[in-house]
Amino acid sequence: MLNILIVGNGQCGNRILDAVNKQAFAGKNKFSKFYSQQKFKGRVETIAVNTAKNDLKELKYTKAKDRIHIPHLHGVGANRNVGKQVFLDNKDIIMRYIEEKGNFDVAFVITSASGGTGSSFTPMLIKELKERYDFPVYAIVVLPFREEGTLYLQNAAFSLRDIRESGSDGIILSDNQFLKQLGGNVQSAYDGINDMIAERILFLMDALDSEMMMVTDLGDFKTVMSGGAGIATIGFYKSSKDVPVKTAIQKSLSPAGLLFSTDVYEEASRAMVIIKGDKSYLSIDDISNEVEKLSGAIGHVFKGIIIRNGVYPQVLAVLTLESTSELEKLYSIAVEAIHQERDKKTRVETEKEIEKAFSQINGLEPQY
Ligand SMILES: Nc1nc2c(ncn2[C@@H]2O[C@H](COP(=O)(O)OP(=O)(O)OP(=O)(O)O)[C@@H](O)[C@H]2O)c(=O)[nH]1
Ligand SMILES: [Mg+2]
């Protein structure tokens with residue numbers, strides 16, 4: 001049985017955490033969150049951290065005692081420098097809170113890369129966790145829509161670098177832009193994306209903590225995540241009818257199954273593929289063939305099988321990447337954004353001219 005810590009930082013992190021709690025409580029009655037056991041097999045502690053009280057209030061499935069409000073007016077307004085200072089000022093409160101939650105075998109920290117609070121708290125929190133504890137810490141990071149503006153783009157570029165340098169054991173990427181096709185308006189797109197990420201996190205926890213026919217465990221996950229460039233993503237497919245398991249595996253690795261744009265066969269470095277379902281749907285030969293295709297292309301692939309009676313085939317694929325052309329593209333847009341902001345700043349400085357203009361009326365009063 002694993003002890004798992006999941007922290008959601010900032011609005012995006014909070015909301016994905018809430019989606020995890022929602023799905024973990026699914027099927028229980030509506031008051032279950034107040035007293036009943038979670039559906040997780042291991043012990044899972046979830047903590048939502050935010051500077052904005054309203055973001056925390058909006059959560060529906062995360063217990064009030066699992067929310068940490070760091071008072072700072074209304075968030076940090078996408079300013080990561082402010083966010084870093086606020087974290088430092090409140091580090092002891094946050095770390096004490098985690099300490100009191102007991103021992104853990106693994107932690108996940110969820111955040112957007114582009115806001116202010118989550119993207120600045122996350123690398124600093126991971127650094128603290130790594131200094132104090134021995135367990136691995138993984139970041140689950142949401143990339144912005146590319147048209148969200150220059151500040152978000154530059155935050156994404158710097159925060160990803162900070163998270164990578166924080167000592168984190170790996171970064172799992174999910175990309176709002178890539179997943180945009182999912183929903184109509186922004187809110188329903190967010191909800192859809194959050195549910196997708198939550199479903200994968202729960203599947204992963206199940207896979208690391210199950211009595212499986214063919215086993216993958218935390219050790220395998222660590223090995224996968226340590227491969228490649230420290231960047232990973234997750235593929236998933238859940239069939240609603242009896243599709244051949246081979247097709248389900250292929251779909252989990254196809255663009256429609258992934259959280260982030262990559263050509264798995266070109267860019268992946270290591271993988272863990274977990275198949276869940278009723279025994280009658282899971283042909284071991286087909287599974288082996290399909291997994292061998294992947295390992296032939298990329299290297300090592302861990303394979304796990306979870307038998308669940310009456311369940312149609314479901315596949316989760318954790319993939320670490322050794323290169324990513326999509327991230328390179330994001331960084332070149334971010335660089336443009338940084339230049340744009342810098343130019344604007346120098347323009348604003350030359351606008352001190354305006355002060356000069358104003359100074360001409362110093363000492364004068366309007367005459368009527
Ligand atoms: N997938 C997903 N993305 C979200 C959600 N909420 C916000 N985002 C994305 O997150 C980024 C903004 O970051 P937030 O998490 O809102 O910012 P924050 O950490 O609260 O920081 P401040 O508000 O600046 O203090 C944008 O790129 C949004 O598109 C959500 O519920 N789901
Ligand atoms: Mg916020």
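User: Which element gives the most to the shell around ligand 1, and with how many residues?

Analyst: In this predicted model, α1 gives the most to that shell, with 4 residues. The elements that supply two or more residues there are α1 (10-24), α5 (117-132) and α7 (186-208).

User: What makes a residue part of the shell around ligand 1, and which are the closest?

Analyst: A residue is counted when its C-beta atom, placed from the backbone, lies within 6 Å of the ligand. By that criterion 26 residues surround ligand 1, and the closest are Gly-10, Gly-75, Ser-112, Gly-115 and Gly-116. By class, the shell holds 13 polar, 10 nonpolar and 3 charged residues, where Gly counts as polar.

User: Why are β3 and β9 called edges of the sheet?

Analyst: The sheet is open and has 10 strands in the order β3-β2-β1-β4-β5-β6-β7-β10-β8-β9, with mixed pairing. β3 (67-69) and β9 (300-307) each have a single partner strand, so one side of each is left without a neighbour in the sheet, and they therefore stand at the edges. Between neighbouring strands of this sheet the average turn is 20 degrees, direction ignored.

User: How do you know that β4 and β5 pair, and in which sense?

Analyst: Pairing requires at least two bridges found by DSSP between the strands. Strand β4 (residues 106-112) and strand β5 (residues 137-143) have 6 bridges, in the parallel sense, and so they count as a pair under that requirement. In β5, Val-141 is the bridge partner of Thr-111.

User: Which strands does helix α11 touch where it packs on the sheet?

Analyst: Helix α11 (residues 284-298) touches β8 and β9, and its direction makes about 155 degrees with that of β9. Helix α8 (residues 218-226) lies across β4, β5, β7 (231-238), β8 (268-277), β9 and β10 (314-321), and runs at about 145 degrees to β8.

User: What makes residues of domain 1 and domain 2 count as being in contact, and how many do?

Analyst: The domain assignment gives domain 1 (3-209) and domain 2 (234-335), with 24 Å between their centres, taken over C-alpha atoms. Two residues are in contact if their C-beta atoms, placed from the backbone, lie within 7 Å, and on that basis 20 residues of domain 1 are in contact with 15 residues of domain 2. On the domain 1 side, α6 (150-165), β6 (171-175) and α7 are the elements that give two or more residues, and α7 has the largest share, 7 residues. By class, this side of domain 1 has 12 nonpolar, 3 polar and 5 charged residues.

Terms used:
Residues numbered from 1 in each chain as written. Chains lettered and ligands numbered in written order. Predicted model: local features only at pLDDT ≥ 70, side-chain atom pairs only at ≥ 80, totals over all residues. Axes fitted to C-alpha atoms, helices over the stretch in contact; angles between N-to-C directions. Domains from an automatic or database assignment.
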